[in-house]
Amino acid sequence: MEGHRHSRLVRQAAAGGSGAGVEAAFATAAGQATQLPWDQAATSVRFEDLAPVSAFPVMPGRRWGPGWWWSATTGRHVVHGSAAMRTQLMVLDRDPEVTGLSARPVRLLWRDTADGRVYSWVPQLFARYAAGTGLLADCPSSPTAGGDRAQRARVVLEAACARVGWTYRRLEPPPAVVAANLRWLAGYRHPRNQGPLRLRAALAEAFAEPRPLADGAAAVGDPLQVLPAVYHALWCGNLTTALDEPLHERSPCCADAERDGASIDG
């Protein structure tokens, strides 16, 4: 359901019909089952602090099962149910505009005006942005994952989110090289890898102009001690490099003066 037809359906839903009358079911931080009109819940509930409304299933025979992602953004674990979802958690966790993350914190319910039946959908991810807006997202392994039911839910959720100034998206996997680079850098996302203030200042100075990763690290000190801080800085964005190319010792890196200065001052 793409292009002009999809956009028309979303506009129609946002104006009324399936865009209105949506309910949000969730468990409060105290564990109490609650249901509110979606417009009210979106403006009053901190979905980033809530537990999942349903568990991710364990599918016999599959190589991947549910797991946990430690979020550098929140300092807490977020459950995930697939490799595709873990990858999207990794991408959102690195986004400086994201301030909160949670998995499956809300179930949306609505009555279809065509057949009168009640439908529901549980988005896989919620992200809170610094501006206070929210993202509800699913992480399909392919564009057709979920079938017609997922596409019908997409129309309703896009409209419901648009009504409150939020966004719903079916997130596309990043390119393979980008994902591989992010997985490597994510291994250094914990603050313990950033090093002391003097080391962070030395990195900012060493990479004030673009230079190969290994050269800049060696200019600061023992690479075994410096490289974890370099990778942490690349994860945080205090150092920048092209992530659409394989990351290696000759990758040109440069300090982001604005972000690195704010990090050091903070």
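Which residue in β8 does leucine 101 stand opposite? Here are a few notes on that and on other features, bearing in mind that the model is predicted.

1. **The opening pair.** The residue facing leucine 101 is alanine 127 of β8. The strands concerned, β5 and β8 (residues 125-129), run antiparallel and are joined by five bridges.

2. **The sheet around it.** You will find β5 and β8 in an open sheet of four strands, ordered β5-β8-β9-β10, with mixed pairing. The edges are taken by β5 (98-103) and β10 (167-170); each has a single partner strand, so one side of each lacks a neighbour in the sheet. From one strand to the next, the twist averages 20°.

3. **Helices on the sheet.** Helix α3 (residues 83-94) lies across β5, β8 and β9 (134-138), and its direction is at about 5° to β8. Helix α4 (residues 147-163) also packs on the sheet, where it touches β9 and β10. The direction of α4 makes about 155° with that of β10.

4. The structure contains nine aromatic pairs.

5. Are phenylalanine 47 and tryptophan 166 buried or exposed? Both are buried, and phenylalanine 26 is buried too. Ring pairs connect Phe26, Phe47 and Trp166 with Trp38 and Phe126 in a cluster.

6. **Arginines over rings.** Two arginines are worth a look. Arginine 104 is placed over the face of phenylalanine 56, 4.5 Å from the ring centre. Arginine 189 lies over the face of tryptophan 69, at 3.8 Å from the ring centre.

7. **Proline 57.** This residue is in the loop between α2 (38-44) and β3 (67-70). Leaving aside residues up to four places away in sequence, proline 57 touches Pro66 and Arg104. Its C-alpha atom is separated by 7.5 Å from that of glycine 81, which is 24 residues apart from proline 57 along the chain.

Technical notes: Residues numbered from 1 in each chain as written. Predicted model: local features only at pLDDT ≥ 70, side-chain atom pairs only at ≥ 80, totals over all residues. Heavy atoms only, no water. Helix = DSSP H or I, 4+ residues; strand = E, 2+ residues; numbered from the N terminus. Contact = heavy atoms within 4.5 Å. Pairing = 2+ DSSP bridges. Axes fitted to C-alpha atoms, helices over the stretch in contact; angles between N-to-C directions. Phe/Tyr/Trp six-rings, centres within 6.5 Å; stacked < 30°, edge-to-face > 60°. Buried < 20%, exposed > 50% of the residue type's maximum accessible area, 1.4 Å probe, protein only. Lys NZ or Arg CZ within 6 Å of the ring centre and 35° of its normal.
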